[in-house]
Amino acid sequence: MMTVETPSPSTAVETDTLVDVDDITIRFDSKKSSVVALRGVSLQIQQGEFIAIVGPSGCGKSTLLRAISGITSTTEGSVSLRGDQVVGPRQDVGFVFQRPALMPWRDVRRNILLQAEMRGMDRVEARERCEDLIQFTGLTGFEKSLPHQLSGGMQQRAALCRSLLHQPDVLLMDEPFGALDALTREKMNVEMQRMWRERDMTAALVTHSVAEAVYLATRVVVMGARPGHVVEEFTVNLPRERDYEETMEDPEFHRVAGRVRELLGSASSHE
Amino acid sequence: MTTEAPERRGARTESPAKFRGNPWSGRVSAIAYPAVFLLLVVLLWWGATSTGMAPPYILPSPEDTWAALSENGAYLALHTWVTAVETIIGFLIAAVVGVGMAVIMVYSRTLERTFYPIILFAQVIPKIAIAPLFIVWLGFGPEPKVLVAVLMAFFPIVIAGISGLRSVDPEALELASIMGGSRWKTFIKIRFPAALPELLSGLKVAATLAVTGAVVGEFVGANEGLGYVILQANGNLDTAMLFAALIIMSALGVLLFLILEVIERISIPWHASHRNKDA
């Protein structure tokens, strides 16, 4: 099932495995039915990687991300973060949902600082980092705006700042740009690329957009549905710094995007 | 990031201003329309009494009612004070107990199952029917009136509290668990503020019911308060005084409602119900 096209980082000599998903199965049991969301999924994420997870609806992409963060527990198999087994919600990750999930009564700055308040972080340090993130994501001038006064893109930037305030080991994003219009989404992709590159982040992104996945990721994981499983992984051999237009025309981009689309197409034609 | 001018959501911040026109027109109409309607009602009332359509012992004229109000100022003020105190104490107890119950029931399924039937039972019992029992238990002081007010006001607060606390965004709670916040912090910083809009709606309903509760308590056995004034006036066939007491009672309810409305505007300015209120 799991064929690896190019030498995968997991087989290469790398020691910095940050996330280790080891053969996990997740089943949701209710009184009436039992649904297997994931079966036998394994995935390693190395320090500094950007993983994009794509797949048809209902293939358990989000469940996989939630299992890494510990919000959802595994039925079989185990997940480790930096060698520690994940048993409950983990505080060393940053999580971004599709909806910004900002507190409507807090302005942008206080929404970002919620992270610090909940964790009991050092106030001065948190404040400094908050201002830095506000500036970095272009939220300057909007610190005192309430969420409902902001566009979807700006709201998602605030959510991103909040998830980065505590400098998490890994940033997990569940379709963070899915609700944005195409232009804003593109802009956010460019910002995300720069952020990952300049801040030495490790990230995992669930997305429906193949272009977004290949543009951002160092490795694209294609999943299939019923039950959710990993179909194939592709390493994207593009430089760390990627210009949007240039990347869109790069033969490597087209090669990977083409293969991913092919796989997704055949996956959905079986339905 | 420097290349981009951050976009504000124009549709929300700009367009209402265009349609709003004169920012005062909204506020004026909020006062003028009901005032005109009220004037119309008083005119009809005055017409009905001055033409002799309704005799004074059935419907007192507006002049007689005004006379009853102004000539008995001190007497009415004393009894209004009594009823107001009973109402406010009853309302405050109901608010504290109601919110506390809502919190307990949202956090514990077992306690919810235990308490819910009892709360419902307390609600469906006609308060006027148990008020005499409270008099037997608690005597003729303010306590039984406060208790009836609590019973009346309690239910909408619990219901609004439960539904408010449940309406919190589940993703916000997941986020809280990743942030490692304690249950207390999660409650204070996320769950409770999210519940405020619904809770305040419940409190507004409860405030008006608390007045009714206090007066019902007074009907059953009291020698002071607006309920007592009504019973006295009724006994003397003094409909003007009866009307005067009724008007004060309504004013008391409206006043409490307005106070909560102000609290609402201050505490949840972010809520959709308070955005562009003048539009």
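Predicted model: local features only at pLDDT ≥ 70, side-chain atom pairs only at ≥ 80, totals over all residues.
The contact draws on 42 residues from chain A and 26 residues from chain B. The size of an interface is often given as the accessible area lost when the parts come together. Here, chain A and chain B bury about 3100 Å² between them, with 61% of this area on carbon and sulfur atoms. On chain A, the trio A:Trp105, A:Met118 and A:His148 accounts for 26% of the area that this chain buries against chain B, more than any other three residues.

Polar and charged interactions also occur across the contact. Four salt bridges are counted between chain A and chain B, and seven residue pairs are in polar contact, both residues being at pLDDT 80 or more. A salt bridge joins the side chains of B:Lys189 and A:Glu117, at 2.9 Å from N to O. The side of chain A that touches chain B receives at least two residues from each of helix H1 (61-69), strand S7 (93-96), helix H2 (108-119), helix H3 (123-136), helix H4 (152-164) and helix H5 (182-199). By class, this side of chain A comprises 16 nonpolar, 15 polar and eleven charged residues.

The largest pocket holds about 470 Å³ of space. Its lining consists of 22 residues, of which A:Leu102, A:Met103, A:Pro104, B:Asp169 and B:Trp270 are the closest to the pocket centre. Helix H10 (residues 183-220) of chain B makes the greatest contribution to this lining, with four residues. The lining of the largest pocket is made up of 14 nonpolar, four polar and four charged residues.

Three cavities of 30 Å³ or more are present in the structure. The largest cavity has a volume of about 60 Å³, and residues of both chains line this cavity, among them A:Phe95, A:Gln115, A:Arg162, B:Leu175 and B:Met179. At least two lining residues come from each of S7, H2 and H4 of chain A and helix H9 (170-178) of chain B; S7(A) gives the most, with three. The lining of the largest cavity contains five nonpolar, four polar and two charged residues.

H5(A) gives the most to the lining of the second largest cavity, with five residues. Five of the lining residues of the second largest cavity are nonpolar, one is polar and two are charged.

Note on methods
Residues numbered from 1 in each chain as written. Chains lettered and ligands numbered in written order. Heavy atoms only, no water. 1 Å grid on protein atoms, 1.4 Å probe; cavity = no way out; pocket = protein on both sides within 12 Å on 5 of 7 lines; lining within 4 Å. Points joined across faces, edges and corners; volume = space filled by probe spheres on them. Nonpolar A, V, L, I, M, F, W, Y, C, P; charged D, E, K, R; others polar. Contact = heavy atoms within 4.5 Å. Buried area = accessible area lost by both parts, 1.4 Å probe. Polar contact = N/O pair within 3.5 Å; in protein donor to acceptor, adjacent residues only side chain to side chain.
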